[in-house]
Each structure stands twice: as structure tokens, then as C-alpha cells.
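Please look through the sequence and the 3D structure shown here. The paragraphs after them go from paired charges to a helix, then to loops and the surface.

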Amino acid sequence: MVKTLHTDKAPGAVGPYSQATEVNGFIFTSGQLPLVPETGELITDDIKKATARSLDNIKAILEEAGSSLDKVVKVNIFLDDVNDFAAVNEVYSEYFTNHKPARSCVEVAKLPKGGLLEIEAIAVK
């Protein structure tokens, strides 16, 4: 059975999809742009702040689902500019200290709303 997940502590979906789904003990988050949930503001001026915001959004979704960043098994990061790789890693390592999930990180041609990055995660409950 697939369960649709939602929290007001992360931005709502910007299209016809959910923030996350849960199935068979796994939680799959949709890609999280660095949107501030309270205002809808997109962080576009600082890749480190943008990375933190996207990860905070994922954290909020996982916590609402009864999981956490410590239970993430896979992360996908989509960058507007691969030259931001080191700065993203600096912030990312603050969220994943001892626990190191599998990860992919790629540069893409363009992201929704002109975002600097988008991050999605898969976690166990």
C-alpha cells in the first residue's frame, strides 16, 4: 500500500506530485528545491544556504513520516553548476556526519524555478 506524505514544515509540491510517499517501509521524498516553507521564497543567492534549506526540507518530511536523516540510504543531488560541488559537500557533511548514505550528484541543464540545486532522498522508516 502506498501512503502519500505531507508536512507544513516543508514546501508544498510545485506540481502534480506529493512531498513524499511511503511503501514497504521505505520513504521516497520528491526533489526538494531550497524553498522556505513559511514564505515560499527560493534561495538563489548562496549555494550553501540553498543546500541547507533543501536538506532541512528533507529532514522535516522524514521526521513527519517517523524517520530521520540517520535512516537515509540514498541521496540524489541535482546541481545547476557542478562547480558548486565542494560547497555543497561542505554543508552536506554537517547533516550526514557519521552516517554516509549512497549518493549521486550530477549537473543538469536547468532546475524548476531557476533553483541552484534540488535534493531527493530515500530512507527507511
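A salt bridge is a side-chain nitrogen of Lys or Arg within 4 Å of a carboxyl oxygen of Asp or Glu. The model is a predicted one, in which local features need pLDDT of at least 70 and side-chain atom pairs count only at pLDDT 80 or more, while totals for chains, interfaces and linings use all residues. Residues are numbered from 1 along each chain as its sequence is written, and side-chain values use heavy atoms, with hydrogens and water left out.

How many salt bridges does a search of the whole structure find? The search gives 2. Side chains of opposite charge can pair when their charged atoms come close. Helices (H or I, at least four residues) and strands (E, at least two) are DSSP runs, numbered from the N terminus. Lys48 has a relative accessibility of 33% and counts as partly exposed; Glu90, at 40%, also counts as partly exposed. The terms have these cut-offs: buried is under 20% relative accessible area, exposed is over 50%, and partly exposed is in between, with a 1.4 Å probe and protein chains only.

Glu22 and Lys125 form a salt bridge too, with their closest N and O atoms 3.4 Å apart. Glu22 lies in strand E2 and Lys125 in the segment after E6, so the pair ties together parts that are 103 residues apart in sequence. Glu22 is buried at 13% relative accessibility, whereas Lys125 is partly exposed at 39%.

Next comes helix H1. It covers residues 47-64, and at 1.5 Å a residue its 18 residues should span 26 Å, which agrees with the 26 Å between its end C-alpha atoms. The expected span here is 1.5 Å times one less than the number of residues. At the N-terminal end, Asp46 caps H1: a side-chain oxygen of Asp46 lies 2.8 Å from the backbone nitrogen of Lys48. Just after H1, Gly66 takes a positive phi of about 85°.

Which residues of H1 are buried? They are Ile47, Ala50, Thr51, Ala52, Arg53, Ser54, Leu55, Asn57, Ile58, Ala60, Ile61 and Leu62. The cover over these buried residues includes strands E2 (20-23), E3, E4 (72-79) and E6 (117-124), as well as helix H2 (85-95).

The loop between E3 and H1 holds Ser30, Gln32 and Gly40. Gln32 counts as buried, at 4% relative accessibility. Its side chain reaches the backbone oxygen of Ser30 at 3.3 Å, a polar contact (a pair of N or O atoms within 3.5 Å; within protein, one must be able to donate a hydrogen and the other to accept it, and residues adjacent in sequence count only if both atoms are side-chain atoms). Leaving aside neighbours within four places in sequence, Gln32 is in contact with residues including Ser54, Asn57, Ile58 and Ile61, where contact means heavy atoms within 4.5 Å.

Ser30 is also buried, at 17% relative accessibility. The side chain of Ser30 reaches the backbone oxygen of Ser18 at 2.5 Å. Beyond its neighbours within four places in sequence, the contacts of Ser30 include Tyr17, Ser18 and Ile119. Gly40 is partly exposed, with a relative accessible area of 46%. The C-alpha atoms of Gly40 and Ser93 are separated by 26 Å, and the two residues are 53 residues apart along the chain.

Most residues other than glycine have a negative phi, and most peptide bonds are trans. Asn24, although not a glycine, has a positive phi of about 50°. Asn24 sits in the loop between E2 and E3 and is exposed at 71% relative accessibility. Lys113 is not a glycine either, and its phi is positive at about 60°. Lys113 is placed in the loop between strand E5 (102-107) and E6, where it is exposed with a relative accessible area of 57%.

Last, Phe28 is found in strand E3, residues 26-29, and is partly exposed with a relative accessible area of 33%.
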